[in-house]
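Please open the model in your viewer and keep the selection panel at hand.

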Amino acid sequence: MTGLTADFRVGRGTFHLDLGLTVPPGGTVALLGPNGAGKSTALRVLTGLLRPYEGEVRLDGTVLDGPGVHVAPERRPIGVVWQDYRLFPNLSALDNVAFGLRTRGVGKTEARERAAAWIERVGLTEHARKKPGSLSGGQAQRVALARALAPEPKLLLLDEPLAALDARTRLDVRTNLRKHLADFGGATVLVTHDPLDAMVLASDVLVLEEGRAVQRGPVAEVARHPQTDYVAQLVGLNLYRGIADTTGVRLPDGTVISAVMDHLAPHDPVEVLVAFSPSAVSVFTERPVGTPRNVFPAQITDMELHAGAVRLRLEGALDVLADVTAGAVADLDLVPGRQVWATVKATETSVYPA
Amino acid sequence: MTGLTADFRVGRGTFHLDLGLTVPPGGTVALLGPNGAGKSTALRVLTGLLRPYEGEVRLDGTVLDGPGVHVAPERRPIGVVWQDYRLFPNLSALDNVAFGLRTRGVGKTEARERAAAWIERVGLTEHARKKPGSLSGGQAQRVALARALAPEPKLLLLDEPLAALDARTRLDVRTNLRKHLADFGGATVLVTHDPLDAMVLASDVLVLEEGRAVQRGPVAEVARHPQTDYVAQLVGLNLYRGIADTTGVRLPDGTVISAVMDHLAPHDPVEVLVAFSPSAVSVFTERPVGTPRNVFPAQITDMELHAGAVRLRLEGALDVLADVTAGAVADLDLVPGRQVWATVKATETSVYPA
Amino acid sequence: MSISTESERAGPVGGGARPPRAPRERSGIPPLLLAPAGIGLVFLIIPLVGLMVRAPWTELPDQLGREIVRDALARSMYTASMATLLSLLLGVPIAVVLAHGRFRGRGLVRALVTVPLVLPPVVGGVALFAALGRRGVIGQHVHDWTGYSLPFTTNAVIIAETFVAMPFLIIAVEGALRGADPRFTEAASTLGATRWYAFRRVTLPQVMPGIAAGAVLCWARALGEFGATVTFAGSLEGRTMVMPSAVYRELEAGHPDTAIALSLVLMVISVVVLASLREHWISPGRTR
Amino acid sequence: MSISTESERAGPVGGGARPPRAPRERSGIPPLLLAPAGIGLVFLIIPLVGLMVRAPWTELPDQLGREIVRDALARSMYTASMATLLSLLLGVPIAVVLAHGRFRGRGLVRALVTVPLVLPPVVGGVALFAALGRRGVIGQHVHDWTGYSLPFTTNAVIIAETFVAMPFLIIAVEGALRGADPRFTEAASTLGATRWYAFRRVTLPQVMPGIAAGAVLCWARALGEFGATVTFAGSLEGRTMVMPSAVYRELEAGHPDTAIALSLVLMVISVVVLASLREHWISPGRTR
Amino acid sequence: NDDDDALVPSGSSTPAAERRELMVFAAASLTGAFTELGKKFESDHPGVTVRFNFGSSGTLATQINEGAPADVFASASPATMTTVTDAGNGAGEAVTFVKNRLEIAVPAGNPGEVDDIEDFADDGLDIALCADTAPCGAAADKMFAAANITPKPDTREADVKAVLTKVEAGEVDAALVYHTDVLSAAAGKVEGISFEESDLAINDYLISALKDAKHADLATQFVEFIQTDAAQDVLKAAGFESPGATESASPSASPAS
Ligand SMILES: Nc1ncnc2c1ncn2[C@@H]1O[C@H](COP(=O)(O)OP(=O)(O)OP(=O)(O)O)[C@@H](O)[C@H]1O
Ligand SMILES: Nc1ncnc2c1ncn2[C@@H]1O[C@H](COP(=O)(O)OP(=O)(O)OP(=O)(O)O)[C@@H](O)[C@H]1O
Ligand code: MOO
Ligand SMILES: [Mg+2]
Ligand SMILES: [Mg+2]
């Protein structure tokens, strides 16, 4: 059994967390949930700083926590981005990033070189010499991310790693992180409040509420059948892999999704992901003529009612999820089996290098 | 001259900030900008902790900073939410909130009572006795917000006050904050990375880049004529005030916008705001038949090209902004003066009590 | 939690269903430090053991029964505690000025403050005469106007002990203040806290461990002080004699065993006092 | 920045176009503290002034020319510095054990560590004999096996000074360690830092102000120590005589003026040494 | 055996050329006189260095009993010598080699206008005495009892130098110290007033070679040397009295020298 398997119970004051979690090697699980649900507490257990009173944590077959077993944090091959950053105040941004390399025996010069490469990857080369006290919030968070990634740990624990970033930087860093996680053979647990982060970066989601898991599974699965309104609101995404060209993204079956792609390099065709939210999908009973660049004929195969919206599953040239109001369902007489047109505006899509 | 007027120059290491800023009494200005643009630095000047080497800061006619004048932070009637919270580690959540009341001479018992009311408003009554070290990230941020608001300062400085909150809490807190700011006679400066926060909470925006203001003005103005692609991406919102009933929001002129309103109390009609992004607006040259509940005939009055999208200004039953791709403009032959139908899905709208 | 790299281990509280296993503690101490720490402790403690071995234990009860010993012991406790109180009142403010003040010559003032540590004890007493004695810079005026003369009084003992012990408090507290995080004081000032209020409610709690450490140093030093006290205050039975002077007196009288017995009394009492000061007096309330 | 409620005032750096006005500093010190700080400083400094007034300044150059004085001065500096070094090596680990260790009797160990502060100095010397003397618990074995005898050697001076001064360092450093923020050590451990590495690179820099303060206390106390040193090491000219014993000798020989002159020399040198230790040695690198 | 005493360079194989070191532990009040006598002894004994460890008698006794490498002990009180001999660390008989007589010491100018021992009963004066456990204090108490005077001291010091310090500083109006202390006091700061009752209590200084002496022969020679007339003259010049002397001190005030 490789990857991460964890199943434990732990207490903190009056708060109690009971969690089972499996992350395959190379996989990423997103932990979602409201404030105080126990997400940070769960990560703390995985770091080894908080010891569960019952249960087991295994990484690549090694027991990290279990009856009579407790591997110290410094002997766990982990990388952590803390919700409160925790950059060492006495070290420069560069030395913060080099820290985890030095502890693993990398020489000073090499550690600094590799750290500098990471600093560059998060776009902070000109701030490399600054102490954390002189960095802005977003800069500090990027340093924290570089610090966790640099030693290439087997288990990455990311606690809202993009929360402080501005929209544009977030896009860059998310893209970068996605690339890194794709190449990365280890397991990743990602805590986030942004469903898009979760959907783009994670293969599975686990939703925590009040210390208990309320739903878990592959992203597509959970998106299709969210078990609570909260989960429906949180989890929902149409995600496709294809090749980008100037007009849009060409899927393997030939379908083209129009998208805004100015931020991608214009030259060679690259493999990308394109994503949009179910609520961005409009459904028409007659073929519409308008700005939406993406108009796909499809058939309704499934319908589920959630808080304020009905989630439709459409199959056709493109399989899509669409959130529409109950009123629209009634007015248009939408029922499973009905033939419709689904439209998505190009401006509502997000494209990422795969 | 009441409200806040600030025009100053300040340096921090090699970073230099040159800012002019006016906030009318009762108004809120959103400071937007990428990481490291100088947003936190600007707030720091307004707190009085960082003294500009040139320029002036005035609040309600009183000079706070100016040639030969510098009012100490503790004598400024301000409230601050720090990007890194800065809750006093030795005080409980409740006492943190009571702190600013105690310094203003409120008695112990009364201060605690009022603090408890604020704690309740941010939904943390059961965590009131906890020390900050035992709070989750989102809980800590809500305490920080309550702490800044409790003393009812004349100038509120909020540095990403909602960044750590989960989607649902964020909605609640944002709504709450909006109500508070509406009743509030003072000036507010809000730093945020979330354009929706900015648009919903602020009347004006100011976009900073590399220590300089690149654009400023009323939200609608800036949204209509963003001067850079970055601003266009960041600032753009269709925002209307109306009365909510079960089917939607009725505007003063009788137009009804369908919206998802399950989270509002179902009984009496209440005054609300309804918002949606320009990219959520589809434009059709023929009247479409489909799920979008909101279909408005309108005329194109203005077009501007920005990175990857053209921002159309439509006038009709409802005045709306729509972001569409350049390709769509060409294909559909969209030109100023052309009659079109604009659609918005109810699931793409956000509704807030006004 | 109090130890950094130590893993917390906690079971559910209140919910009695699944009792947590007894926590097995792991200390956060680098093993490399254990050897020097052990050597250091042995070095500090062996002399005390040696002293105990030589002590005339049978003599102890008799010694404790002696009026003069009980009196000196009580005076030692009283004067050392008063000196500590005085040092806190005057020394903490000095530490703040040294840590946060910005003025030319701050380094010089800090160095001057440490001079009483360096001054050979008897000379410390002479210096006090020079300042506060009947012919001292200040003392002569006081004496001329009021007829009051400080030396050879119980107050003189307190003053001498304060002079010698206060610098320890000052330097320790200054160190703590310099390590304190200024972000919280900033936050306090934006909440309308005057510098005084912020100091009391935010800075002080943060540096409490440092102040406690300084007070312990100060008290212990005052308790053991001999040279300056005996010079400035004398050692008159029933008025200014404290334990160290009683000890010295026995030594000079050719009763080293009695001197050791008295020292043991002082030592045991100080250990009891310091050990019973609850640990949490000197533990912080940190994080976020 | 170093002061909490103080407003930074900064102009553009590098860009010479708009020169910033000269910053007018505001201290972060609560005004209420200025009065006690002033009184405290006067109290500490007036005796020194008194001493200077009485000092035979004309005698000073002669004194400094005396071989015996120069020798004692050099020995004082050497032994106090060695004692401080030894205290750092052994005392910092002890402070870590006291601050972060979890074991029964920690309070007792801490109290025992402070005993050398409380012990009347001469008795401290006796205790050292009891441990390390030729007839001491450990010393007798060393003497039997190797013939080495520690008392009355320069090393004995160092040992005596260490015994008396190290507790100051320990308590000050422990106070600083307890004030340190454990979140950074946690972060270090998740980055693979052993407890030792985390201690060196994360904890130590954080508590540097406290260690510096402790080292200053330790050095100054060692420099001024008299009773334990003179008892355990004697005061042999050219071998174990340090400044305080030279001062004592002059007092005994009936030359109080010379004694004061020598004390002044000691005082001035320590002030110079301490004042010239750059401020930033004891300033932290805090925030975020 | 102390052959390899760390203090002394270990014995060489050529004893004739050996520089020998005589270690004398002496009461601090002997500092001036003994330093001078040490030089004399050295010139009389080529190849010999006399090294002194001056300190308070109690401390010296402690050091000797702890195995200090001392050859000779000269103590300022019989009690401290007894501490050493009782522990079996003496060699031969301890002999009284000088005596010291009490004298009234007043600050320069005699601000308290003290002229007699009876003034010590005056509550209005600041008076310093030695502790009853110290030789000078025991002697004073004996004298006061015999003279039927109840002194009103403001402080009682553990040793006589502490008393003298206070007179020098002008912090007391009068004190009882030894004649030698008055002589050694800083020029012009202390005046001595001798008084008849001082005959009633005179303090003995004792000297003895020590059991563990490294150079027993030299130690014995030094003890004998101190009792020679030449040595006694030096001690007299410092204000001590010969052990045989019983005649009362000159009645005139002895000015500080
Ligand atoms: N040391 C502690 N002692 C007591 N209770 C604690 C402690 N730490 C956390 N808690 C409580 O445990 C619950 C879970 O906290 P946790 O930090 O895991 O939440 P989270 O899911 O990370 O929330 P957020 O999104 O706000 O960061 C919270 O209610 C918090 O108040
Ligand atoms: N004390 C300091 N010394 C030197 N440079 C500093 C200091 N504080 C901030 N800076 C620099 O000033 C710039 C502006 O920082 P500021 O914190 O104002 O950014 P921000 O707009 O708040 O960014 P963010 O959204 O990431 O919080 C950054 O480049 C930062 O590195
Ligand atoms: O060296 Mo001291 O003042 O006698 O402790
Ligand atoms: Mg969290
Ligand atoms: Mg910021």
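**First stop: chains C and D**

Select chains D and C together: they bury about 10800 Å² between them, with 76% of that area on carbon and sulfur atoms, where buried area is the accessible area (1.4 Å probe) that two parts lose on being put together, summed over both. The size of an interface is often given in this way, as the accessible area lost when the parts come together. This is a predicted model, in which local features need pLDDT of at least 70 and side-chain atom pairs count only at pLDDT 80 or more, while totals for chains, interfaces and linings use all residues. Residues are numbered from 1 along each chain as its sequence is written, chains are lettered from A and ligands numbered from 1 in the order in which they are written, and side-chain values use heavy atoms, with hydrogens and water left out.

Stay on chain D and colour helix α1 (residues 34-54), which gives the most to the side of chain D that touches chain C, with 15 residues; helices here are DSSP runs (H or I, at least four residues), numbered from the N terminus. By class, that side of chain D has 78 nonpolar, 23 polar and 17 charged residues, where Ala, Val, Leu, Ile, Met, Phe, Trp, Tyr, Cys and Pro count as nonpolar, Asp, Glu, Lys and Arg as charged, and the others, Gly among them, as polar.

In terms of contact (heavy atoms within 4.5 Å), 118 residues of chain D meet 120 residues of chain C, and of the 8 pairs of chains in contact, chains C and D share the most contacts.

**Second stop: ligand 2**

Which of the 21 residues around ligand 2 come nearest? They are Lys130(A), Ser136(A), Gly138(A), Ser40(B) and Thr41(B). Residues from chains A and B surround ligand 2, so the site is shared between chains.

Display distances next: an oxygen atom of ligand 2 is 2.6 Å from an N or O atom in the side chain of Ser136(A), and a backbone N or O atom of Gly138(A) lies 2.6 Å from an oxygen atom of ligand 2. On chain B, an N or O atom in the side chain of Arg12(B) is 3.2 Å from a nitrogen atom of ligand 2.

The shell around ligand 2 divides into 3 nonpolar, 14 polar and 4 charged residues.

**Last stop: chain E**

Finally, select chains A and E, which no contact joins and whose closest C-alpha atoms lie 47 Å apart.

Conventions
Helix = DSSP H or I, 4+ residues; strand = E, 2+ residues; numbered from the N terminus. Near = heavy atom within 4 Å. Polar contact = N/O pair within 3.5 Å; in protein donor to acceptor, adjacent residues only side chain to side chain.
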